[in-house]
Amino acid sequence: MEEAEAEAEVESNRDNVEVAPALIAVHPEQISVAVAVGPDLRVFDLLAGSAASLVDECGAPFHKDPIRAIRFGSRGKLFVSAGDDKTVKIWSTESWRCVCTVSSEKRVSAVAISEDGCHVCFADKFGVVWVVDVAGSHGHVTLGDRKPTPLLSHYCSIIPSLEFSPDGRFILSADRDSKIRVTNFPKKPLNGAHEIQSFCLGHTEFVSCLAFVHARECPQGLLVSGSGDSTVRLWDISSGALLDTCEVAAKAGLLESNGEAEEHGHAVTDLCTTISGLLIAVAIQSLQGIVLLSCDVSAQTLSVSKVVSIAGEAFVPTCLGFSPAEGKLWMVTGVSSLPACNYPPLARVRVISAIDAEQEPVVLGDDEIPGGEKLLETLQGSASVDESAFLAAAEAVKTAMRNLLIKKQYPADNRESRKKTRNDRKLKM
Amino acid sequence: MPETEVKATISKSTGLPRKRFYRARAHSNPLSDSHFPVPISPSQFDYSLHYPQIFPSSDQADGSRKIQFADIGCGFGGLLISLSTLFPETLMIGMELRDKVTEYVKERILSLRVANPGQYQNVSVVRTNSMKYIPNYFEKAQLTKMFFLFPDPHFKEKNHRRRVISPFLLDEYAYVLKAELEADPVVKLLSSATEEGQKVARNGGQTFQAVFRRIVPSDQTS
């Protein structure tokens with residue numbers, strides 16, 4: 001009985017290893033939108049009104065394994081994609097050519113681009129953050145392969161999120177051991193970043209996402225972080241002080257007092273700050289929609305502003321992106337592949353407009369979103385998606401995140417049998 | 001039938017715990033996930049649990065006295081015991097990953113406190129993975145001294161990640177250390193006070209010392 005259970009668990013673990021959530025990134029001027037599903041990178045050019053064709057003659061073309069992180073640079077010139085195939089690809093957004101391929105020793109879990117666009121940082125699964133110099137890459141100039149140098153490291157802990165502060169002075173790395181490290185980003189980052197400014201400690205579970213609230217009174221920005229403990233917290237990064245905590249899952253009405261509520265079912269999966277209006281969009285596992293938080297910069301507090309639910313579809317967003325130019329929040333849900341159910345990689349894109357403190361957010365229909373049907377066809381793979389796949393996808397993503405980021409609890413009863421392979425436990429002949 | 005003596009983990013003659021009941025393997029895996037309690041942040045670290053005479057109640061955290069010495073990988077506590085009487089006004093703590101050995105050190109400190117009233121109140125031990133959780137225990141520039149007696153060289157390439165002293169971990173140690181230097185009576189203790197050091201002396205081996213001080217980088221922008 002016990003063996004059969006253990007076997008079943010091992011099997012489901014193997015299935016879930018390859019499940020990667022769909023990701024979305026929006027160009028800062030809403031020139032293009034990119035969606036990554038599994039190894040597939042799909043880009044739609046909104047100005048041209050058609051899919052952008054990606055050209056990759058740099059190293060091994062395109063990604064072979066699920067992509068785990070994508071990002072646009074804050075200036076909009078660079079785009080980075082990285083994933084389980086241990087490569088980081090840097091693309092120029094003007095020509096959509098891959099200008100540089102960087103190979104990593106381990107799978108990559110997060111990427112960030114410095115504010116001046118000169119450096120790309122990525123974090124691997126072992127907690128090391130690497131940096132690559134990409135100054136001088138633009139348009140059609142190909143840099144070829146570059147070797148990364150290590151910048152800093154969290155000891156043996158997966159880093160799900162990497163961010164630069166808005167003034168470019170600090171690089172922030174959040175890890176699975178509930179820590180957020182704020183490190184000074186030096187002028188010569190290739191020598192390593194050794195001066196730690198502060199640690200933002202307060203979360204009780206893995207920290208999954210980081211974002212900055214831009215405020216005039218605070219040029220270095222206020223940090224917002226989301227975690228597996230279902231809270232969103234506000235921090236001052238120079239001192240590491242915790243300014244406010246918002247229990248989003250409880251406030252959104254997700255936590256009911258029934259005995260079956262699972263422990264880690266309401267992790268915050270993604271955060272996105274909006275440039276104006278100081279609203280923060282939060283995606284939570286098992287919430288079909290998003291929560292909008294408002295940040296009061298002078299009082300340094302967070303509060304729940306609205307809960308926006310997506311009617312008509314079981315849409316649990318896996319990734320969020322905001323386009324400041326038009327005040328629209330882009331959301332995607334999807335998964336790389338569901339081996340158990342034989343579904344192909346699926347992705348569904350929705351947009352919410354009027355993200356503003358004054359107006360009521362409106363979930364746009366398929367024909368109202370910028371780019372319309374063509375965009376949906378390019379980014380989703382097909383104009384309409386089978387709805388029954390959504391719930392299965394949401395469950396798969398939830399399990400994958402739990403296996404990756406929650407610390408494993410080993411049962412005490414078979415502890416002796418697990419120690420059988422140890423050299424000092426083997427029977428002496 | 002001869003009477004069997006009750007096994008006492010604390011020796012009746014000296015009142016100190018007997019090592020043979022607290023023996024553990026030399027290495028414990030520092031890479032594995034830990035399930036022992038870790039303070040959420042340095043302000044949540046309960047001083048009254050470790051230093052009951054100095055901090056009688058847990059809500060008396062006025063922040064005036066903080067831990068200044070940390071012995072990373074303190075083992076059976078030899079160095080801590082010697083330091084405690086040498087620096088009676090300084091709070092110090094030992095960090096050890098193995099639970100049995102931590103229990104031994106705890107019992108040893110408790111027995112010493114009972115046997116010597118007023119002494120050994122400034123020393124304590126905690127079971128933790130110092131490579132992962134040092135920022136959880138100490139604030140920025142809180143410590144004046146850190147002791148690493150003695151870092152396992154881990155010669156094999158595949159074990160380099162288990163080294164206590166590595167360029168990445170040095171960043172964290174630099175974060176918790178204050179930058180200052182003073183002439184030190186501690187240096188003599190480095191080779192004589194620890195169990196390892198005494199073992200080497202017994203076997204007639206050589207000891208080498210390495211002392212480093214935390215510097216402030218010249219190009220720091222602030």
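pLDDT is the predictor's confidence in each residue, from 0 to 100. You'll want it here, as this is a predicted model, in which local features need pLDDT of at least 70, side-chain atom pairs count only at pLDDT 80 or more, and totals for chains, interfaces and linings use all residues. Residues are numbered from 1 along each chain as its sequence is written, chains are lettered from A and ligands numbered from 1 in the order in which they are written, and side-chain values use heavy atoms, with hydrogens and water left out.

**Stop 1: chain A and its ends**

Select chain A and colour by pLDDT. The average is 82, and 88% of the residues score at least 70. Now pick residues 257-261 of chain A: pLDDT stays under 50 there, and the model has one contact (heavy atoms within 4.5 Å) for them beyond four places in sequence. Residues 1-16 of chain A also stay under 50, with seven such contacts. Where pLDDT is low, the predicted coordinates should not be read in detail.

**Stop 2: where the chains meet**

Show both chains. On the chain A side, 30 residues are in contact with 26 residues of chain B. Together the chains bury about 2500 Å², 52% of it on carbon and sulfur atoms; buried area is the accessible area (1.4 Å probe) that two parts lose on being put together, summed over both. Highlight Tyr155(A), Glu195(A) and Leu201(A), which supply 27% of the area that chain A buries against chain B, more than any other three residues.

Next, select Arg181(A) and Asp171(B). They form a salt bridge, with the closest N and O atoms 3.6 Å apart; the term means a side-chain nitrogen of Lys or Arg within 4 Å of a carboxyl oxygen of Asp or Glu. The count between the two chains is one.

**Stop 3: a site from the record**

Is Leu97(B) buried or exposed? Leu97(B) counts as buried because its relative accessibility is 16%, where buried means under 20% relative accessible area, exposed over 50%, and partly exposed in between (1.4 Å probe, protein chains only). Leu97(B) sits in the loop between strand E2 (91-96) and helix H3 (99-115) of chain B; helices (H or I, at least four residues) and strands (E, at least two) are DSSP runs, numbered from the N terminus. Leaving aside neighbours within four places in sequence, its contacts include Phe36(B) and Arg127(B).

Finish on Glu195(B), in helix H7 (residues 195-202) of chain B. Glu195(B) is partly exposed, at 21%. Not counting residues up to four places away in sequence, Glu195(B) touches Lys19(B), Phe76(B), Gly77(B), Gly78(B) and Arg108(B).
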